[in-house]
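Subject: Structure for your review

Dear colleague,

Please find below the structure that I am handing over to you. I would ask you to look at it first and then to read the notes that follow.

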Amino acid sequence: MPNTEPPRLPAHNTAAVETLLSLEQAQPCFWANPDRAPALPRVLAAEAAAEAAGISIDDTKAAVARFVRFSALLADLFPELEGHGVIESPLLPATALQPALNWADGSGALWIKADHRLPVAGSIKARGGLHEVLEFAERLALEHGLIAPGDDAQAYRALAAPKARALFGRYQVAVGSTGNLGLSIGVAASALGFQAVVHMSADAKEWKKERLRQRGVRVVEHAGDYERAVAAGRAEAEADPLCHFVDDERSLSLLLGYSAAAFHLQAQLGAAGIAVDADHPLFVYLPCGVGGAPAGIAFGLRQLLGPHVHCFFAEPVQSPCFLVQMLAGEGGHPSVYDHGLTNETEADGLAVPRASLLAAALMRTVISGCYTVRDATLFEHLAQVLDATGERIEPSAAAGFSGPGLLTGSAAGREWLGNTGLDRVLAHSTHLVWTTGGLFVPPQEYARFVERGRAGLAAHDR
Ligand SMILES: *Cc1c(COP(=O)(O)O)cnc(C)c1O
């Protein structure tokens, strides 16, 4: 007898359809990843993730070691590092912010990973961007005998000498950016003596372009979005053998630079007495643009801390490119425009229409989910963060703060907590919001952000 029953969608596809509906209406939504590998033993989880991109935790260790080799040189080049040469950020307790976020009792404790304070670039891009520029400089310097394999940080100080600068000055480092990656690459490349070119998308903020021009970086303005700026930069660079193009959509070096953060965070968690295990899950909320920064960090954290770390990517309601990519699955590469969205957002660091396929492949079985947030909410959280903690973040960096509320308060979030059994240990959990940028936002611009947030909050109270 022929089978006349209609094909039944697996349960998670129903969730996917519901997520798509909210997403296309630009409503905030929470999506749990049905393909996340179950709580595998540490080693297996690490291997599964690594295979997707051909990288392993050893590559993350190599990135950490590279930062150490360059530390004395970085201290020489950037006075703001005050002699230490370490590009890192503090882990801050944020319980003071919980009341403003309507934190339910028994939901765990809120912490902030303060990448908005990262020196040199003022955003999370200091991690990946610097790493790629350093890796390129190191390769050239080794090829030309300016340093030797095995040299230590003191020997690397030679890379600030005239001979090295003359070598670097023959090369160009180029990048396409919505702003922050350009700031990071431009500042790092010009400090080493490279010619630096930054292709900026239309949504890049004027002050970011101005800051780069002041450092001798060539800024090329494009009328189109981030994707167009990257494509233009890539094409220009391909024609020039002396040009290194930092490809935000494809670069492993960027991703591994971000992943190095996991080692430092592991030490910070230990120092703060925060356990990560079956009874003490760690939820990490990461603002996501093309996906490289959050994927690098999630990759490192999952390998170092094991399966009880749950990473969620946060995106603006008009630019949920990573969520769209996760829903499409392997083989597809949709843009947010395909779903009737505009990619217009004040969160310039997240204004990306199409995800990195590298990041998506790597994250397929690693992230616990994605969610979206309205611009209005970003500004409200930005103001609340200032009031409760005194920290000054940019709108993109506020995307993490909606995460705990969606996880514990939305139907989809609660269902996931119930299905995974995490609802039973929620009271002992840690929620870590990664604040990704803000240090260099000009005071006047920042004041406008706060004003907008306050106006929004006041409207709720009426
Ligand atoms: C770039 C950026 C992100 C996200 O990084 P992607 O690699 O694009 O996903 C998040 N926050 C800020 C402030 C950024 O500049």
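Three cavities of 30 Å³ or more are present in the structure. Please keep in mind that this is a predicted model. The largest cavity holds about 230 Å³ of space. It is lined by 27 residues, and those closest to its centre are Ile124, Lys125, Gly289, Gly349 and Leu350.

The lining of the largest cavity can be described by element and by class. Strand E4 (172-177), helix H8 (180-192) and helix H13 each contribute at least two residues to this lining. Of the elements, H13 gives the most, with three residues. By class, the lining is made up of twelve nonpolar, twelve polar and three charged residues.

What takes up the space of the largest cavity? That space is taken by the ligand. Around the ligand there are 15 residues, the closest being Lys125, Asn180, Gly289, Gly291 and Thr436. Helix H13, which covers residues 292-305, gives the most to this shell, again with three residues. The shell consists of six nonpolar, seven polar and two charged residues.

A backbone N or O atom of Gly291 is 2.7 Å from a ligand oxygen atom. At Gly292, a polar backbone atom lies 3.2 Å from an oxygen atom of the ligand. Thr436 takes part through its side chain, where a polar atom is 2.7 Å from a nitrogen atom of the ligand. How much of the ligand does the protein bury? Taken alone, the ligand exposes 380 Å², and the protein buries 99% of that area.

I would also draw your attention to the second largest pocket, which contains about 470 Å³ of space. Its lining comprises 22 residues, and Leu101, Thr377, His381, Ser402 and Gly405 lie nearest the centre of the pocket. Strand E10 (369-373), helix H16 (375-389), helix H17 (403-409) and helix H19 (443-461) are the elements that give two or more residues to this lining. Sorted by class, the lining of the second largest pocket has ten nonpolar, ten polar and two charged residues.

With kind regards,
Your colleague

Notes
Residues numbered from 1 in each chain as written. Predicted model: local features only at pLDDT ≥ 70, side-chain atom pairs only at ≥ 80, totals over all residues. Heavy atoms only, no water. Near = heavy atom within 4 Å. Polar contact = N/O pair within 3.5 Å; in protein donor to acceptor, adjacent residues only side chain to side chain. Areas by Shrake-Rupley, 256 points an atom, 1.4 Å probe, with all protein chains shown as cover. 1 Å grid on protein atoms, 1.4 Å probe; cavity = no way out; pocket = protein on both sides within 12 Å on 5 of 7 lines; lining within 4 Å. Sits in = over half its atoms within 2 Å of the grid points. Helix = DSSP H or I, 4+ residues; strand = E, 2+ residues; numbered from the N terminus. Nonpolar A, V, L, I, M, F, W, Y, C, P; charged D, E, K, R; others polar. Points joined across faces, edges and corners; volume = space filled by probe spheres on them.
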